[in-house]
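Dear colleague,

Please find below the structure I am handing over to you.

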Amino acid sequence: MNGYQELANAIILQAVKDYRQVLRILYMNPDDRKSQKEKTEIEQYFRSPLFAVSTKLDPELLMKQLQAEVH
């Protein structure tokens, strides 16, 4: 694995961790505006061309699985 792929993987893993955390916050406090904004931003990243060229993961399936973990 080259350095670029390792960096892309690290970015994706951090986005997954951040998404889990924000989902947990929103589960406890659905009206938290800051967390709602962060969730939207992460979902935009998952659906972005950058994500698509960085991995073969299905972003919709990934988000659905992460949401299922929290609920």
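Phe51 is buried, with a relative accessible area of 1%. Please note before reading further that the model is a predicted one. Tyr45 is likewise buried, at a relative accessible area of 17%; this value counts as buried because the cut-off is under 20%.

**The aromatic rings**

Tyr45 and Phe51 form an edge-to-face aromatic pair, with 5.6 Å from centre to centre and 80° between the planes. Phe51 also pairs with Phe46: the ring centres lie 5.4 Å apart and the planes stand at 70°, so this pair too is edge-to-face, since planes over 60 degrees apart fall in that class. Phe46, like Phe51, is buried. Across the whole structure, the search finds 4 aromatic pairs. Ring pairs join Tyr19, Tyr45, Phe46 and Phe51 into a cluster.

As for Leu66, if residues up to four places away in sequence are not counted, Leu66 touches Val16, Tyr19, Arg20 and Leu23.

**Helices H1 and H2**

Helix H1 covers residues 3–28 and helix H2 residues 33–46; the two pack at an angle of about 145°, and their axes are 9 Å apart. The crossing of H1 past H2 is left-handed. On the H1 side, the residues making the contact include Ile11, Ile12, Ala15, Val16 and Tyr19, while those of H2 include Ile42, Tyr45 and Phe46. Sorted by class, this contact has 12 nonpolar, 2 polar and 4 charged residues.

**The protein as a whole**

How many helices and strands does the protein have? There are 4 helices and 0 strands, and the pattern along the sequence reads α-α-α-α. The C-alpha trace spans about 40 × 20 × 15 Å along its principal axes. The protein has 71 residues, of which 30% count as buried. Among contacts between residues at least 6 apart in sequence, 53% join residues at least 24 apart.

With kind regards

Notes
Residues are numbered from 1 along each chain as its sequence is written. This is a predicted model: local features need pLDDT of at least 70, side-chain atom pairs count only at pLDDT 80 or more; totals for chains, interfaces and linings use all residues. Side-chain values use heavy atoms; hydrogens and water are left out. Axes are lines fitted to C-alpha atoms, for helices over the stretch in contact, and angles run from 0 to 180 degrees between N-to-C directions. A crossing is left-handed if the near helix is turned anticlockwise from the far one by less than a right angle, and right-handed if clockwise. Contact means heavy atoms within 4.5 Å. Ala, Val, Leu, Ile, Met, Phe, Trp, Tyr, Cys and Pro count as nonpolar, Asp, Glu, Lys and Arg as charged, and the others, Gly among them, as polar. Rings of Phe, Tyr and Trp (its six-membered ring) pair if their centres lie within 6.5 Å; planes under 30 degrees apart count as stacked, over 60 as edge-to-face and the rest as tilted. Buried means under 20% relative accessible area, exposed over 50%, partly exposed in between (1.4 Å probe, protein chains only).
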